[in-house]
Amino acid sequence: MKSIYNFGYHSFIFFIIFSLQIPLSSEPLAPTQSTNQNQNKEIFYGFYQGGFYLQLAGGDTIYTGGSLENREKSYQNSLKSQADFGILPKKLLGSVNVPNGIPLPESKFYTGKTERVAFEYGLTDHIGITASLSSNTVNGKRLNQFIYSDRTNPNGFSPYLEAAPTNYQFYEDKIYALGLNYHLLTKNRFDPYIGVELGLINFNTSYRSYNNNSLFLYSSIVPGTGYSGRISTGINYHVTPEFGFTFEVNGIKRMLRSDVFRSETFDQVGFQFGVIFNLDNMGKGLR
């Protein structure tokens, strides 16, 4: 809800700034000025040259992948295998020993959530330039490794695997992007399009690594930056010249880096549904 509020707030500020650019005049118009004004007030459905659009959308991811996720899965499978073979002790809630014959739950990633606000300007009747801000989160469930006091170990402790799985946030980011859309139809209620975007990323991810004695696998929240490429295809349906609905399928490829790791990838495919406003037509109605 907080991210939706931030999207709405920034969209409102942008719309106010845009509205202030509309020239106002109290002087009477000459006949030629009146004719030009009537032409400028002509209202169209759909996408067209000079149109200015605001899109608010949200949805789910249906696929995630890349080296960042594969690394997390590899660690999780390794811990589970060590516990299944009796190499790594298993405890429930840090106190009750779990017999080796009892199976452990599998780790998993849930479908992620996406939210996006985008502005688009019609360079031609078919090509638009876009500027967008999107937010993406992916959660999961896993088994965590902890330590317990162990006098028989020279380190004073030994690791164990907690048998109760934990829900956690694996990844979140914000992407600031610029792109181009190609619209197949112009001045039509039905507005199918394809698009490409390049973006800059600020992210946080849960990243697991061993400490210096290589006995304890711990998790930390790691911030970083990166860049992304996004492709999309979708359709806008304009209910009125000012308002419509949008549906889109998209894929994102990310290249990430931080102080902890030099390079990781994270990919996703998902869909979004939302609303679209034609700010150009809305502005004409106010003049």
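Which residue lies over the face of Tyr168, and at what distance from the ring centre? It is Arg142, at 3.9 Å from the ring centre, where a charge is taken to sit over a ring if NZ of Lys or CZ of Arg is within 6 Å of the ring centre and within 35 degrees of the ring normal. This is a predicted model, in which local features need pLDDT of at least 70 and side-chain atom pairs count only at pLDDT 80 or more, while totals for chains, interfaces and linings use all residues. Residues are numbered from 1 along each chain as its sequence is written, and side-chain values use heavy atoms, with hydrogens and water left out.

**Confidence and overall make-up**

- The mean pLDDT (the predictor's confidence in each residue, from 0 to 100) is 82 for the protein, and 76% of its residues reach 70 or more.
- Over residues 1-5 the pLDDT is below 50, and this stretch has two contacts (heavy atoms within 4.5 Å) in the model beyond near neighbours in sequence.
- Residues 12-36 also stay under 50 in pLDDT, and for them the model has eleven contacts beyond four places in sequence.
- The protein contains four helices and 13 strands, these being DSSP runs numbered from the N terminus, with helices of type H or I and at least four residues and strands of type E and at least two.
- Of the 287 residues, 41% count as buried, which here means under 20% relative accessible area, with exposed being over 50% and partly exposed in between (1.4 Å probe, protein chains only).
- Among contacts between residues at least 6 apart in sequence, 71% join residues at least 24 apart.

**Aromatic pairs and charges over rings**

- The count of aromatic pairs comes to 16, where rings of Phe, Tyr and Trp (its six-membered ring) pair if their centres lie within 6.5 Å, and planes under 30 degrees apart count as stacked, over 60 as edge-to-face and the rest as tilted.
- Phe52 and Phe119 form a stacked pair, because their ring centres are 6.0 Å apart and their planes lie at 15°.
- This pair links distant parts of the chain, with Phe52 in strand β1 (residues 52-65) and Phe119 in strand β5 (residues 113-122), 67 residues apart.
- Both Phe52 and Phe119 are buried, and for Phe52 the relative accessibility is 11%.
- The C-alpha atom of Phe52 is also separated by 5.4 Å from that of Leu279, although the two residues are 227 apart along the chain.
- Phe243 and Phe245 form an edge-to-face pair, at 5.2 Å centre to centre and 75° between the planes; Phe243 is partly exposed at 26% relative accessibility, and Phe245 is partly exposed at 36%.
- One aromatic cluster includes Tyr168 and Tyr207, together with Phe109, Phe170, Tyr171, Phe203, Phe261 and Phe266.
- The charged end of Arg71 sits over the ring of Tyr207, 3.9 Å from its centre.

**Cavities**

- The structure holds three cavities of 30 Å³ or more, a cavity being a set of points, on a 1 Å grid over the protein atoms alone, where a 1.4 Å probe fits but cannot get out.
- The largest cavity has about 150 Å³ of space, a volume being the space filled by probe spheres set on the points, which are joined across faces, edges and corners.
- Its lining comprises 18 residues, of which Gln55, Arg116, Glu120, Thr130 and Asn181 lie nearest the centre of the cavity, and lining residues have an atom within 4 Å of a point.
- Strands β1, β5, β9 (166-183), β10 (190-210) and β11 (217-238) each supply at least two residues of that lining.

**A backbone detail**

- Lys187, in the loop between β9 and β10, has a positive phi near 50° and is partly exposed at 41% relative accessibility.

Key. On a 1 Å grid over the protein atoms alone, a cavity is a set of points where a 1.4 Å probe fits but cannot get out, and a pocket is an open set with protein on both sides within 12 Å along at least five of seven lines; lining residues have an atom within 4 Å of a point.
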